[in-house]
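Welcome! Here is a short briefing to read alongside the model. Let's start with a pair of strands.

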Amino acid sequence: MVRVPVAATATLRRMTDHARPALHALARRRHGRRRRPVLELAPRPNPYARAFGLLCVVLLGAWLGLLVVGNVRVPVGPMNTTMTLRPSLTGGTKINISPLGALELRSHEAPLRLDVDVDQLDPERSQALVDHPERLSGLQDEVARDVEHGTLDLAVRSCIAVVAGATALGLAVYRRPRRALTAGGLALALLAASGTTAFATWNPKSVLEPKYSGLLSSAPSLVGDARNIVSEFDVYQKELARLVRNVTKLYDVTSTLPVYQPDPTTIRVLHVSDIHLNPASWKIIASLVQQYAIDVIVDSGDTMDHGAPAENGFLDAIPDLGAPYVWVRGNHDSPETQKYLRHMKNVHVLDDGRAVTIAGLRFAGIGDPQFTPDRSVSPGGDAAEDLAGARLASALRDQRAAGTPVDIAVAHEPSAARGTDGEVPLALAGHLHHEDMEVMRYGTRLRVEGSTGGSGLRAVEGQYPDPIEASVLYLDRDTRHLQAWDEIKLGGLGLTTAEISRHLPEENRP
């Protein structure tokens, strides 16, 4: 054991006491330097904002790329066409036949729409078909091959377009090659996902229900404003009728797809409603009767507006429409109007469930229990309509028990027509001024027609004029069941747009 002298220990203790303050000061200085804040030149960017910005660059760049180079010119049979992919919220395919109109198909559900512009007919290829008609038999396969090749070419070109557009815009915005390439890759992935969605939702049956819409340049633009429509209303009526004829012919030409084609054994019913004293309706109806070879016209009421005897002369055009006219009373049609029509040639008034057979179809109907032309009479509401529907259903049961079942029931109010559910295959109504079609609980199909008069005197109450609507119903002559129907819609007062769309019941779709 080593012994340390007492004097040396005391000396060491004094040296430690003298050094301790210096050590504490040095420690405080070091501690202060560690806690001094570090200055930053700029805040770090939010990762969500960066991701959103990159997404905007990708979408905008891809869209610009498609606009610049995302189309191909493809010869399809005797036609020269341009195929283009366009961003869209609804998808589908649109075939533009400028300046005549367009055909729309709900072919797929994806954020991309296929536009096909028919540019022109090639004179040489068209003449070759005329000179060699035997080539027509193989034209369908030729067109299918042309469309397939054009679609593949469009897919490749669209991939290049979106990648190039997104990469170029990314380089311009970020000035970093890596970020620009990331934008291009994301654009390609987005296009691939959209294409996969389109393929997964591809609906070849969309060709069964094409929708045609068009605006004829030869329509009555000279009577486009309300003042001229009043002063030259006869010109307006004639032009509307001509518009129907032209659009119908155009629809027949453009819808050469494998759709339902009515044959001579089909019974064609023209359903109109809520004319409301619009004299233009008669020319439109006469034109439709001629174009569609209509067998019978069904009017589900509100032909008049106030039901006054002074309005009865408006009905004198009915015998000259070219087809039998089946009519039920609406809430704007008075009993005097009904009496006037009963004595008119080629008109069949339905009321109290009475049945008539016309063009191979048996109809039964009931007039509206209310007469409220000026709304001064408090309506009975649904109770009166339900009672009328029950009376009509009872008459239908009696007809069936007698071995003469009714094919079509007619009422003005849809609520009254609903009372026939299960008693008849098809029920027709109006009143609502917009079209609708539904299959009710017990199997009866209810067709509600829009206003064939464009709501008549009420056409300009809203922001836009009400459209003129009618429909052609195709029924099988043997089974007397509905096979298809065409919805026809014309622009309202002063407008010149027209749409014709084909629809098939679920059970009649191949």
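Strand S15 and strand S16 (residues 445-448) pair in the antiparallel sense over four bridges; strands pair if DSSP finds at least two bridges between them. Within this pairing, Met 437 has Arg 447 in S16 as its bridge partner. This is a predicted model, in which local features need pLDDT of at least 70 and side-chain atom pairs count only at pLDDT 80 or more, while totals for chains, interfaces and linings use all residues. Residues are numbered from 1 along each chain as its sequence is written, and side-chain values use heavy atoms, without hydrogens and water.

**The open sheet**
- Six strands make up an open sheet with mixed pairing, in the order S11-S12-S13-S14-S16-S15; strands (E, at least two residues) and helices (H or I, at least four) are DSSP runs numbered from the N terminus.
- Strands S11 (355-358) and S15 (436-439) stand at the edges with a single partner strand each, so one side of each has no neighbour in the sheet.
- On average, neighbouring strands of this sheet are turned by 20 degrees against each other, direction ignored.

**The hairpin**
- Strands S1 (residues 71-76) and S2 (residues 79-87) run antiparallel and are joined by six bridges.
- Val 76 stands opposite Met 79 in S2.
- Two residues lie between S1 and S2 in this hairpin, and Gly 77 in the turn has a positive phi of about 60 degrees.

**Cysteines**
- The structure holds zero disulfides, a disulfide being a pair of cysteine sulfur atoms within 2.5 Å.

Conventions
Axes fitted to C-alpha atoms, helices over the stretch in contact; angles between N-to-C directions.
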